[in-house]
Amino acid sequence: MEIRRAKASDSADIMRLLRQVLTIHHEGRPDLFKGGTTKYTEAQLQEIITDDTRPIFVMDDGKNVIGYAFCIFVQHLDDNILTDIRTLYIDDLCVDESARGKHVGSALYKHVLEFARQEGCYNVTLNVWTENKAALQFYEHCGLKPQKIGMEKIL
């Protein structure tokens, strides 16, 4: 299995995985997430694949993409309150339903950490929805700690 940057030819597999992620979010919070769609359109995905400020890493089993990590470089230069650290934000990480429990997510996460180190990043961050218990457990197992907590009151 290989982890590499996504290519345009990976788009069908990535779109399939994007649908899996949205299904998890829609089932957990149908009040917030629409069903039957994806976070990005095919055109948006093609644009992101070519954007070096938003690298996408995929794990390829030789036939299909079985996992991905969408990343975004974030840096607040000359901000009034924030330091100028460079962060690699994991916008989305998904492992195909058929490959879960086979350490694909761990391998992708480790790859992202190494990439961030090589790029001079101070940290790696991400957001996770509290209803996604499996993802919360996975990230805790990887050693991530809460940085901030978003809260809501539904009216």
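In the predicted model, L17 touches V65, I66, G67, Y68, C94 and D96, leaving aside residues up to four places away in sequence; contact here means heavy atoms within 4.5 Å. L17 is found in helix α1, where helices (H or I, at least four residues) and strands (E, at least two) are DSSP runs numbered from the N terminus. With a relative accessibility of 0%, L17 counts as buried, a class defined as under 20% relative accessible area, with exposed meaning over 50% and partly exposed in between (1.4 Å probe, protein chains only). The C-alpha atoms of L17 and V95 lie 7.4 Å apart in space, although the two residues are separated by 78 residues in sequence.

Residues are numbered from 1 along each chain as its sequence is written. Because the model is predicted, local features need pLDDT of at least 70 and side-chain atom pairs count only at pLDDT 80 or more, while totals for chains, interfaces and linings use all residues; side-chain values use heavy atoms, with hydrogens and water left out.

The strands form an open sheet of five, in the order β1-β2-β3-β4-β5 and with mixed pairing; two strands pair if DSSP finds at least two bridges between them. From one strand to the next, the twist averages 30 degrees; angles run from 0 to 180 degrees between N-to-C directions, and axes are lines fitted to C-alpha atoms, for helices over the stretch in contact.

Strand β2 (residues 56-60) pairs with β3 in the antiparallel sense over five bridges, and V58 stands opposite Y68 in β3. Strand β3 (residues 65-75) is also antiparallel to β4, with nine bridges joining them; Q75 has R86 as its bridge partner in β4. The pairing of β4 with strand β5 (residues 123-126) is parallel and extends over four bridges, and I90 has L126 as its bridge partner in β5. Strand β4 (residues 86-95) is largely enclosed by the rest of the structure, because nine of its ten residues are buried.

Helix α2 lies across β1, β2 and β3 and runs at about 100 degrees to β2. Helix α3 (residues 104-118) packs on the sheet and touches β1, β2, β3, β4 and β5, its direction making about 165 degrees with that of β4.

Helix α1 (residues 11-28) also packs with helix α2 (residues 42-49), at an angle of about 115 degrees and with the axes 11 Å apart. Their crossing is right-handed; a crossing is left-handed if the near helix is turned anticlockwise from the far one by less than a right angle, and right-handed if clockwise. In this contact, S11, I14 and M15 of α1 meet E42, L45 and Q46 of α2. The contact residues comprise three nonpolar, two polar and one charged, with Ala, Val, Leu, Ile, Met, Phe, Trp, Tyr, Cys and Pro counted as nonpolar, Asp, Glu, Lys and Arg as charged, and the others, Gly among them, as polar.

A search of the whole structure finds zero disulfides, a disulfide being a pair of cysteine sulfur atoms within 2.5 Å. For C121, the nearest cysteine sulfur is that of C71, 9.3 Å away; C121 is buried, at a relative accessible area of 15%. For C142, the nearest cysteine sulfur is that of C71, 13 Å away, and C142 is partly exposed, at 23% relative accessible area.
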